[in-house]
Structure formats: structure tokens, C-alpha cells
Amino acid sequence: MLFPRNQLLALPCIALAALLVACSPPPPVQIGFIGGLTDRNSDNGQSGLNGVTLAIEQFNRDGGLDGHMVELVVRDDAQNRETAAQSAKSLVDARVDAVIGPFTSGMAEVIVPITGKAGIFQVSPTITSMAFYGKDDNLFRINRTTRDNARDYAKVMVERGQKRIAVAYDVRNRNFTESWLREFQEAVASRGAAVVAPVPYESSSDADFAKVVRGMLDKQPDSLFFISGALDVARLAQQARRQAPKLPIGASEWASTEQLIELGGDVVEGLLIVQNYDRDDGSERFRAFSDAYFKRFQVNPGYSSVSAYDATTVVLKALKMRSKGETLKVAALRSGPYAGLQQEMVFDANGDTTRKVFFTEIRGGRYMKLQ
């Protein structure tokens, strides 16, 4: 069979194009990330992003998803409701297979309905509000609830003789802070103590923290407690040391980042705070993670780094185990339990799990576990 000259010339080009297609790498699998990367208290979101990044890079080095590399699509919620909604819609438009985040319950209140309506499987490393507990939706949570944490705090504080507790709480993240406060009020009341001064405030660069602490002291409490992010806790602690230097202070788990010690310095010495991982874990696996994290980012991991790495482990295993035609949520439910960096993760039908925590005090510029 004879071909016209122009067709003969085209044959090598067609063959080359086919060869290039055959040799090109498989398309990537896209996973979304959403968290607070700018604005106040961005340390949680940034260290969470680091944890996700490290987990994906390690996964890809091990071959990825049957040869498909995993690509991270990053969006910032900026701790702003409008920005969070836009970022969530952007991830929906990008048709990501799953989303890791958000990192605060206030932002989850905006983001989860948008991603959930689109049927996107989502794992939050850190949200704890009771508003997201026991729901049959597309959201899995790595963390325990505000009820769990508040009850444990109440036990520890009342056993230390703290019976009249003043609480400052940031309404900018009210879905979390008001949930935490309600659970704490009930828990201390059941132990014969009381929150004598619940003082709301809105976090901002010009917030009057001296006034907030004065409001806490009006009812003559025997201790001060802050349900706030690390930046605000450092500033509240500063005012507490000026106005009532002998009163014990504590803060909710939201503030337990590396930034709290960096910013707080001497004023946060003695502060009671819980951690959702063991900073002193000497196991081979956790040491390997910590070393790899420091080598990659030149900082030590924090609680959101650990939780975000664990959340990514869940997503990546579910993607690997998913059968044809199966939703990622169904795959995630049947693919557990999951080996976290320190704790095994077992999810119930609603995507909720439990997590062991460790109470610490800041001593000598370090988080020291209570014995």
C-alpha cells in the first residue's frame, strides 16, 4: 500500500507523539489542604501544613499511589469566614480527592458544609467542638472532643485546689471556645467548683488584654484560665503576671504550640496545658519522624504537625485501599485501624476517634509532663 508523501512525513511524528504519551508519568492524585496560614494564630496551620507535606513527600518517594504521585493543593482560610468559604469552594472546583483540615472549629463551621455537600472526604487533624461529634457526614476527626478535654482539665485543676476559676475565651473561634467553656462549666460544677467569671473577648492586634484580665479578677478567683490561641495566651499571661502574680494559670490545648513558649517566655512559666501527643516519646518511629521533620523544615514538630501527619496517613491509606466505585469514606471506615505516629487510630461509623493526652506544665522554657 502506497501513502502520499505528506502522510509518510507525518508517520514519524505520530509515532513520536504516541511514544511520548506512553512514557509520560501517570497523572497525579490531588489532595487538598486547608488551614490558617496567615493572620493571628497561623502557627497551627503552618505546622500542620508541614506535617502533611512531609507525609506526602515520604509517600511519593515510596512509589505513590500505584505509580501516581500525590499532589497537594494548598488553600489558606486566614481565620476569616469569607476567605474560608472561597478557599473551600476552590478545592471543590479543583476536584480534589480528599481534604486535610481545617484546624479550628470556627473555620470548620464554614468549610465542612461546602466540602461535605460536594461529597469530598475530609479529615481534620485538630478540631474538637461538640458540633462535629457524632455526625454521619464526610468528616473524620483525629482529635478528641472538647468534652473529653474539659472534663480532664476540671479533674486536674480541682484536685489542685482550684475552686473559683476565671476564664477568658476568644469569640473569634467561638464554635470551639464556647463549646469548651460549656463543657468545662459542667465538669467543674460536678466537682463542687465553679467558673466565677467567664470573660469573652475578640482576638485582634489591638485587643485590650489588661481589661480582659481585670474582668477575670473582679470575682476574686483562685486561678485564671485561657481558651485562646498561643499568641493571645502569651499576652494574657503577661497581664496576669502583672495584676495577679500569685494566681495559677492554665490554657486549653489550642495554645499548646511551640510559639507559646517563644512568645511567652518567663510569663508562661508554670502554665498548665494539655498535649495530644507525648513530646518525650523515645520510640524509634517517633524519633525518625522528628528527625525528618527538623531536617525538612528546620524547626521541631508541634501538636498540629503530629496530628496532621496522622490525618494524612488516614487519607493515603484509604486512597490505597479504595476499591473501584467505592467512596473514600467507605474505604476509610473499612481500612482501619491506622498506625499513627504514637497512637493507633480507630474510627467509629461517624468518623470519631479517641486520643490519649498528656498534661504538662511549662518549666524552664519546656513543656514538662506531669507525673
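**Salt bridges, helices and loops**

Tutor: Let's begin with a pair of charged side chains: E57 and R296 meet in a salt bridge, with 2.8 Å from N to O. Keep in mind that this is a predicted model.

Student: Which helices do E57 and R296 lie in?
Tutor: E57 belongs to helix α2, residues 42–61, and R296 to helix α10, residues 284–297. The pair therefore ties together parts that are 239 residues apart in sequence.

Student: And how accessible is E57?
Tutor: E57 has 24% relative accessibility, so it counts as partly exposed.

Student: How many salt bridges does the structure hold?
Tutor: There are 17 salt bridges in the structure. Another of them joins R81 and E109, where the closest N and O atoms are 3.3 Å apart. That pair also links distant parts of the chain: R81 sits in helix α3 (residues 81–93) and E109 in helix α4 (residues 105–117), 28 residues apart.

Student: R81: what's its relative accessible area?
Tutor: R81 has a relative accessible area of 49%, which makes it partly exposed. The cut-off matters here, because exposed means over 50%. E109 is also partly exposed, at 36%.

Student: Which residues are linked in a network of salt bridges?
Tutor: R160, E361 and R363 are linked in such a network. Within it, the side chains of R363 and E361 meet at 3.0 Å, N to O.

Student: Is E361 buried or exposed?
Tutor: E361 counts as buried, with 12% relative accessibility. R363, on the other hand, is partly exposed at 40%.

Student: OK, let me zoom out. How many helices and strands does the protein have?
Tutor: The protein has 12 helices and 14 strands. Its C-alpha trace spans about 100 × 40 × 40 Å along the principal axes.

Student: What share of the residues is buried?
Tutor: Of the 371 residues in the protein, 54% are buried. As for contacts with a separation of 6 or more, 69% of them are between residues 24 or more positions apart.

Student: And what about the accessible surface?
Tutor: The accessible surface comes to about 16,700 Å², and 52% of that belongs to carbon and sulfur atoms.

Student: How many positive and negative side chains are there?
Tutor: The protein has 44 positive and 43 negative side chains. The centres of the two sets lie 1 Å apart.

Student: Changing topic to helix α7. Which of its residues are buried?
Tutor: In α7, residues 209–217, the buried ones are F209, A210, V212, V213 and M216. They cover an arc of only 160° around the axis, so they are on the same side of α7.

Student: Why would residues three or four places apart point the same way?
Tutor: An α-helix has 3.6 residues a turn, so residues at that spacing point the same way.

Student: What covers the buried residues of α7?
Tutor: The cover includes strands β6 (164–170), β7 (194–201) and β8 (223–227), along with helix α8 (230–243).

Student: Now the backbone. Where are the cis peptide bonds you'd show me?
Tutor: One joins G101 and P102, with omega about -5°. P102 is in the loop between β3 (98–100) and α4. Another runs from G336 to P337, with omega near -5°. P337 has its place in the loop between α12 (328–334) and β11 (338–339).

Student: What about phi of A78?
Tutor: Phi of A78 is near 55°, a positive value in a residue other than glycine. A78 lies in the loop between β2 (70–76) and α3.

Student: Is A78 buried or exposed?
Tutor: A78 is buried, with a relative accessible area of 14%.

Student: And what is phi for Q298?
Tutor: Q298 has a positive phi of about 65°, although it is not a glycine. Q298 is found in the loop between α10 and α11 (303–321).

Student: Great, thanks for the tour!

Note on methods
Residues are numbered from 1 along each chain as its sequence is written. This is a predicted model: local features need pLDDT of at least 70, side-chain atom pairs count only at pLDDT 80 or more; totals for chains, interfaces and linings use all residues. Side-chain values use heavy atoms; hydrogens and water are left out. A salt bridge is a side-chain nitrogen of Lys or Arg within 4 Å of a carboxyl oxygen of Asp or Glu. Helices (H or I, at least four residues) and strands (E, at least two) are DSSP runs, numbered from the N terminus. Buried means under 20% relative accessible area, exposed over 50%, partly exposed in between (1.4 Å probe, protein chains only). Contact means heavy atoms within 4.5 Å. Accessible areas come from the Shrake-Rupley method with a 1.4 Å probe; for residues, only the protein chains shown count as cover. Lys and Arg count as positive and Asp and Glu as negative; His and the chain ends are not counted. The place of a charge is taken as NZ of Lys, CZ of Arg, CG of Asp or CD of Glu. The arc is that of the directions from the helix axis to the C-beta atoms.
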